[in-house]
Structure formats: structure tokens, C-alpha cells
Amino acid sequence: MSPSMLSFILNSVQDTLPHPVNLRRWKLDTQASCALCGWKHAGFAHILCGCKVALEQGRISYRHDSILTVIQDAILNKVKKVDNTVPLTTGREPVLFVGSGQRVRKKKKVHHGIIDVSKDWITQTDLRRKQVQFPPHIITTAERPDLVLYSDSKKVLVILELTSPAEDNIEKWREVKKTKYENLRSWPKTSKKVAYGKYLSLLLY
């Protein structure tokens, strides 16, 4: 992480960035209005995700899609890595013979993630420049989650919905997203796992 990025993060947490409200508070300016929309109290939250002009210009969507692209690339790299490895073996463990007086060495358990169980993952990411449709053979819906990852051979589906609001609104928008995708969560469920048909959906926020 660059020093300038670290400085921005620390100042954003402490709300000491030079946005209009702070500039007026520090008596470096007489106005605290937004330069784009004219809102009179342009604090950090307004600039980050509250300005309607910035939203119309695609600035907020650009930030959202930039984060989503990083997540997508990480998932694709993991899928590619799994595709190039030997499949997970199943069946009986080999018999290990131990000499007299020797101790049996226990093998360290390897914890595999959900992506490790299959080699036919299909990834769909709903970016502004590439809008995608939810896989119709799984369920017919008009909803478009940010990222869908599924394996037909293992009948596993992963849904990822990203929110990037101001810190004060994280819980609020999490509930909004949960309500929005309630039709995809209407099957019997445990915690955040949703089973529909032979598919499994993990909703991440």
C-alpha cells in the first residue's frame, strides 16, 4: 500500500479529509457546498456516495465496479489454480505400515474451500459494461446479483452481492440488499446458506 493511500484511509476513518465541511470548519473556506450538485453540507459521506450528480455521471458505480473487479479477479485466479491441480481424491486412505517402536505420524488436515470441490466453475459478473442474466437453468429471475459462480457438476451456486456505502450506512444497505434478494432466499435455509433444488447458494455482503 502506498503512503498516500494509507494516509487517505487513516484520514477517512478519522474524518479529517479536506472535504468542504472540514474546510469551512478549519476556516479555509466560507462555503461547505458540493461543487457538483450544490448540496449545502458536503461531508465525506455525501462525496463518497450521496451526490446525485456523481451517481448520474457513473462515479459511484465506477468505484463499486472497481472493487467488484478486484474480487472477480481473485476468484478467477483461484478457479484457474484449481483447474490446474490434481482433482481431490475420494475413497479409501492408503494403509501405512509402522515399524516396531515407531509412532504413527498424523497427517496435517488440509482444509479445502468451496472452489476446490469442482473444476467446471462458471463465473458471471454484472458490471456496467457487461450486464449479465442470472443462469436461467438454475432459476428464472429478473434479479442481477453482482457476481454469480456456479458448478453444474456439483450442483453448487455462489451468489455475491457487494455494497460499498459510507461506514455509517453499512448495516442499512446490508438490510436493503437482503430484502432485494429475498426471492432467492425463500427456500429452506440455515444461517446464510440457501438450498434450492440441488443447488446451494451462499450470499455474501
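How many of the 205 residues of the protein chain count as buried? The share is 30%, where buried means under 20% relative accessible area, exposed means over 50%, and partly exposed lies in between, with a 1.4 Å probe and protein chains only.

Good morning. The model before you is predicted, so local features need pLDDT of at least 70 and side-chain atom pairs count only at pLDDT 80 or more, while totals for chains, interfaces and linings use all residues. Residues are numbered from 1 along each chain as its sequence is written, and side-chain values use heavy atoms, with hydrogens and water left out.

Let me start with the overall layout. The protein chain has 6 helices and 6 strands; these are DSSP runs numbered from the N terminus, helices being H or I with at least four residues and strands being E with at least two. From the N terminus, the order is α-α-α-α-α-β-β-β-α-β-β-β. Contact means heavy atoms within 4.5 Å. Among contacts with a separation of 6 or more, 50% join residues 24 or more positions apart.

I turn next to the surface. The protein chain exposes about 14800 Å², and 57% of that comes from carbon and sulfur atoms. Areas are from the Shrake-Rupley method with a 1.4 Å probe, and for residues only the protein chains shown count as cover. Phenylalanine 8, in helix α1 (residues 3-14), is partly exposed at a relative accessible area of 42%.

Now to the charged side chains. Side chains of opposite charge can pair when their charged atoms come close. The structure holds 4 salt bridges, each a side-chain nitrogen of Lys or Arg within 4 Å of a carboxyl oxygen of Asp or Glu.

One of them joins lysine 78 and aspartate 116, at 3.3 Å from N to O. Lysine 78 sits in helix α5 (residues 59-83) and aspartate 116 in the loop between α5 and β1 (121-125), so this pair links distant parts of the chain, 38 residues apart. Lysine 78 is partly exposed at 30%, whereas aspartate 116, at 18%, counts as buried.

Another pairs glutamate 161 with lysine 177, their closest N and O atoms being 2.7 Å apart. Because glutamate 161 lies in the loop between β3 (156-160) and α6 (170-180) and lysine 177 in helix α6, the pair ties together parts 16 residues apart in sequence. Both residues, glutamate 161 and lysine 177, are buried.

Finally, glutamate 175 meets arginine 174 in a salt bridge at 3.9 Å, N to O. Glutamate 175 is partly exposed, with 39% relative accessibility.
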